Amino acid sequence: MFEFDLSTRSHRSRFSSFFFLSKMSLGTKGSSSSGFENTSPPEDYLNKINEVRTLLGPLIGKSSEYCSDAAITRYLAARNGHVKKATKMLKETLKWRTQYKPREIRWEEIAREAETGKIYRSNYTDKYGRPVLVMRPSCQNTKSPKGQIRFLVYCMENAILNLPDNQEQMVWLIDFHGFNMSHLSIKVSRETAHVLQEHYPERLGLAILYNPPKIFEPFWKMVKPFLEPKTCNKVKFVYSDDNVSKKILEDIFDMEQLEVAFGGENSDSSFNFEKYAERMREDDLKFYGNTPVSSTSAHFTNSDSEVSDTEMKRLEDIPDEKIKNGTS
């Protein structure tokens with residue numbers, strides 16, 4: 001999740017594009033079936049961004065990279081523009097990143113989870129340039145909650161690293177072909193919702209549930225209370241035998257690029273593990289260099305951490321009460 005200072009032209013573009021989130025935080029209406037909205041002037045949020053920075057205090061090392069203006073905007077949007085709540089949320093993410101070390105997960109560690117194509121980044125984007133994560137619950141192949149979550153985090157980090165300059169969000173395309181309730185775990189679903197909502201806020205632009213069976217409805221009712229209302233609003237149910245819901249796909253995707261499995265015309269984009277593994281290894285090398293990290297990364301020295309030990313201690317020294325009171 002590389003987020004650099006706005007002095008770089010590419011990140012300035014991403015920052016400006018993402019300001020449509022301020023509309024949600026300010027309570028403005030208008031959400032299209034694509035989950036994409038018009039932008040708002042950056043001036044609307046600059047004061048709040050500066051307030052968050054003041055509450056966090058000076059940041060050093062890697063933690064400053066995760067506190068760009070665009071990143072802070074996402075946390076503000078996730079907390080409906082509430083500065084103190086957004087600051088607390090961002091602080092918790094910085095702590096999580098130094099403990100969980102998502103940028104130290106490499107393909108070789110999670111390749112076993114990926115073998116069946118249960119989650120993969122497609123080789124096409126939607127009409128808005130958003131990366132597409134294809135998910136197939138029926139392809140679940142492991143029983144380790146820890147492994148499944150680490151695989152999800154790896155997929156999220158990879159999709160974020162591959163975001164175009166003018167985009168901050170992605171699309172999930174969930175295929176329910178062959179699905180039954182044995183493929184889902186309430187425990188993993190709750191942890192998934194927690195990690196995504198608390199540490200990847202506003203990364204989801206749209207989630208398309210393709211042909212969910214009737215038996216999925218009770219599960220959805222159980223999971224829905226754990227999701228933020230705005231997240232639920234991004235979930236679209238699409239059925240191949242319903243022309244009205246199928247139009248959602250036509251509005252979002254170039255049907256010539258979309259996979260045949262989702263009613264598209266592209267028969268060459270189905271999952272191939274060997275080809276995908278090579279693609280992910282190339283991404284690891286591109287974004288991280290030739291520095292493989294094993295699954296024992298949690299035992300690496302502090303100098304290898306995303307946030308240094310000194311910075312971690314400083315974050316711990318910012319009491320939540322001070323954030324609550326608006327002081328740093």
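This is a predicted model: local features need pLDDT of at least 70, side-chain atom pairs count only at pLDDT 80 or more; totals for chains, interfaces and linings use all residues.
Before I start, one cut-off to keep at hand: angles from 65 to 115 degrees count as roughly perpendicular.

**Entry 1: two helices**

I looked up how helix α6, residues 83–100, sits against helix α8, residues 145–161. Their packing angle is about 115°, and the axes lie 14 Å apart. α6 and α8 are therefore roughly perpendicular to each other. I also checked the handedness: α6 passes α8 in a left-handed crossing.

Next I asked myself which residues in α6 and α8 meet. From α6 I noted Trp96, Arg97 and Tyr100. Their partners in α8 are Lys146, Ile149, Arg150, Val153 and Glu157. Sorting the residues of this contact by class, I get four nonpolar and four charged, with no polar ones.

**Entry 2: the largest pocket**

Then I turned to empty space. Rolling a probe the size of a water molecule over the atoms shows where such space is left. The largest pocket has a volume of about 1,100 Å³.

What lines the largest pocket? I found 45 residues, and those nearest its centre are Met135, Trp172, Ser189, Thr192 and Leu196. My list of elements that give two or more residues to the lining reads α8, β3 (170–175), α9 (186–199), β4 (204–210), α10 (216–223) and α11 (229–232). The largest share, six residues, comes from α9. By class, I noted 26 nonpolar, 10 polar and nine charged residues in the lining.

**Entry 3: a link for my next look**

I was pleased to meet α8 again: this helix packs with α6, and α8 is also among the elements that line the largest pocket.

Definitions and conventions. Residues are numbered from 1 along each chain as its sequence is written. Side-chain values use heavy atoms; hydrogens and water are left out. Axes are lines fitted to C-alpha atoms, for helices over the stretch in contact, and angles run from 0 to 180 degrees between N-to-C directions. Helices (H or I, at least four residues) and strands (E, at least two) are DSSP runs, numbered from the N terminus. Angles under 35 degrees count as roughly parallel, over 145 as roughly antiparallel, 65 to 115 as roughly perpendicular and the rest as oblique. A crossing is left-handed if the near helix is turned anticlockwise from the far one by less than a right angle, and right-handed if clockwise. Contact means heavy atoms within 4.5 Å. Ala, Val, Leu, Ile, Met, Phe, Trp, Tyr, Cys and Pro count as nonpolar, Asp, Glu, Lys and Arg as charged, and the others, Gly among them, as polar. On a 1 Å grid over the protein atoms alone, a cavity is a set of points where a 1.4 Å probe fits but cannot get out, and a pocket is an open set with protein on both sides within 12 Å along at least five of seven lines; lining residues have an atom within 4 Å of a point. Grid points are joined across faces, edges and corners, and a volume is the space filled by probe spheres set on the points.
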